[in-house]
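Let us walk through this structure step by step. Keep the sequence and the 3D view open side by side.

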Amino acid sequence: MENDKLVIGGKEFDSRFILGSGKYSMKLIEAAVKDAGAQIITLAVRRTNTKDEENILDYIPEGVTLLPNTSGARDAKEAVRIARLARELGCGDFVKIEIMRDSKYLLPDNYETIKATEILAKEGFVVMPYMYPDLNVARELQNVGAATIMPLASPIGSNKGLATKEFIQILIDEIDLPIIVDAGIGKPSQACEAMEMGAAAIMANTALATAGDLTMMASAFKDAIAAGRKAYLAGLGRVLTRGAAASDPLTGFLH
Amino acid sequence: MENNFLFDSDLLTETGLKRKHQIETDPSCRINHMEYLPGMDVIDSDIRKCVMEHFDSYDYSKYTAKDVRRALESDRCTIEDFKALLSPAAEPFLEQMAAKAQKETSKHFGNTVYLFTPLYIANYCENYCVYCGFNCYNKIKRLKLDYEQIEHEMKVISDSGMEEILILTGESPSKSDVKYIGEACKIARKYFKMVGIEIYPVNVEDYKYLHECGVDYVTVFQETYDSDKYETLHLMGNKRVWPYRFDSQERALMGGMRGVAFSALLGLSDFRKDALASALHVYFLQRKYPHAEMSLSCPRLRPIINNDTINPLDVGEKQLCQVICAYRIFLPYCGITVSSRETAEFRNGIVKIAATKVSAGVSTGIGDHEEKYTGKQDEETGDEQFEISDGRSLNSMYSDISAEGLQPVFNDYVYVG
């Protein structure tokens, strides 16, 4: 467990909780870092304030890796532009691709995401694409140089949990990259379940931001993620199946 | 216990015999089996490394009943689970393994069983593989069918109702070159919906050419994944080059083939390790080429002409069944072929559990289908590669499979180029 690190783009992390960027407040960032142990915090480039007051960049504690995202981008071209801007702003090489052509559900556009990932990976970015869990798309993202795959659990901000569970499991089984479950996780138990399945990390924001007690919820997430990870590493126990055994042995013909 | 593979033919001259004995007894006069010969494609691939890391470190004695139970009770089978299922600790769980394998088979294949027939068009061979009836030192009747004879054989087979054919040759690039095999495949396209080949490994360009001739499925058996053991069994010829053979399936896929088939010949070496490597070869290639169709065979050693003592040693029917069930549980999507090397009783039993493809109306000789199918005996024929155990015709195979409540299928495929 002590040597169990999350490695992204050659960088090691002890924490498997990533703070999303949807709902921001100083208090949230503080709780995420202090109580949930977050070492990666997402930052919507479009929200960075170029003026002096209330600049999110000033809120990010030292030792935390900044993960700028491309929210607001409607296609690959815009996402690439935002990513380059983030690099110029001094946000480092990590970038989370978010491309939404749908303002109602904010569902990611997988096709444009592949295009943006390919361009940015070639430019040396550590690309973490947010996507709808589709195996073929995930394979393509891996082929074009993604550092992780970030499938959504349910619509962003919905707190509805693992609606895409079966498909996320397929990605975990088939893709040789960290699978980070992003969007839709509403409760610690759901985060725990995703970790038990073999997810590499959980990204959440709304679940914390809308909780009754922010600090307590942050620490609940930390415990749930650690418990899920431990269970995954331990290997889950058996599930009893009901039903009688076949009366005729299948192997009776063997000599 | 070991097989005694070596015997001499009275056809050899004194010098020939001397040369043969030298090759058999003095490893230093054999070529380096790990080195590609000039003209052989070397592809950029890490598949071999991935497979062999597991092969080298696999210690099946460390697995216990607890590991086997865990594998049987889990929804998904990891590589570790698979290793447990192949271990001796799983032998007492054979019935449970069969039940689980049956469920996986029916999930992916329903109750269908595919039928095909192999057609050997030539038995010339330039390799000296000590266990094989076609080996260049074995005194057998050699024959290479001409195009007219090939067409005639195919007609006979096609008239029996068969829609899928597997074209085989001995491994002689000089007697049976790629052009000759390609022409045979073009003829086969006229009579069959699916054409597969099991020939000597070739380069990507050649696979591309054969694919254009109508081939969509390439079978290459690695025989054993233990390269040191391989060296002692494949003493002469191109087949001696172990890594070139290993990469065959990947080259075939690079050449545009739709599917590839794999196997170790069980009984040559440590069968558990060979089964592990065969399945991992499928597993890693499937991850790299997710569109490809994959299939595994599971042949055991058989007696050959002039050496009827060859046998599969410690791979009994139970062990074979264990391997097949483990294959099925680990690779639910993978086709599993059980050939006529096995008895009718075994094949009837195993199609109910895990096998999805069986051969019917089989001859491993050359040009004798008409004789076999109609009793007509006026053609010259060539000797067989090995003795078969199940000589059932297509019709009796069909009715046996149907009687088990399964559905025999002749074809589920369309050639799209």
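pLDDT is the predictor's confidence in each residue, on a scale from 0 to 100. It applies here because this is a predicted model. Chain A averages a pLDDT of 87. In that chain, 89% of the residues score at least 70.

Chain A holds 9 helices and 10 strands. Of its 255 residues, 44% count as buried. Take the contacts in chain A with a separation of 6 or more: residues 24 or more positions apart account for 61% of them.

Now turn to chain B. Chain B contains 16 helices and 11 strands. Its C-alpha atoms fill a box of roughly 60 × 50 × 40 Å along the principal axes. Among contacts between residues of chain B at least 6 apart in sequence, 76% join residues at least 24 apart.

Which residues of helix α16 (residues 394–403) of chain B are buried? They are B:Leu394, B:Met397 and B:Ile401. These three cover an arc of only 65° around the axis, so they sit on the same side of α16(B). The spacing fits a general rule. An α-helix has 3.6 residues a turn, so residues three or four places apart point the same way. On the other side of α16(B), B:Asn395, B:Ser399, B:Ser402 and B:Ala403 are exposed. The cover over the buried residues of α16(B) includes β1 (112–122), α14, β10 (357–359) and β11 (407–409) of chain B. Just after α16(B), B:Gly405 takes a positive phi of about 85°.

Finally, look at where the chains meet. The contact takes 18 residues from chain B and 13 residues from chain A. On the side of chain B that touches chain A, the elements giving two or more residues are α3 (65–73), α5 (94–109), α13 (317–330) and α14 (344–353) of chain B. The residues on that side divide into 9 charged, 7 nonpolar and 2 polar.

Methods. Residues are numbered from 1 along each chain as its sequence is written. Chains are lettered from A and ligands numbered from 1 in the order in which they are written. This is a predicted model: local features need pLDDT of at least 70, side-chain atom pairs count only at pLDDT 80 or more; totals for chains, interfaces and linings use all residues. Two residues are in contact if their C-beta atoms, placed from the backbone, lie within 7 Å. Helices (H or I, at least four residues) and strands (E, at least two) are DSSP runs, numbered from the N terminus. Ala, Val, Leu, Ile, Met, Phe, Trp, Tyr, Cys and Pro count as nonpolar, Asp, Glu, Lys and Arg as charged, and the others, Gly among them, as polar. A residue is buried if 20 or more other C-beta atoms lie within 10 Å of its own, exposed if 12 or fewer, and partly exposed in between; C-beta atoms are placed from the backbone. The arc is that of the directions from the helix axis to the C-beta atoms.
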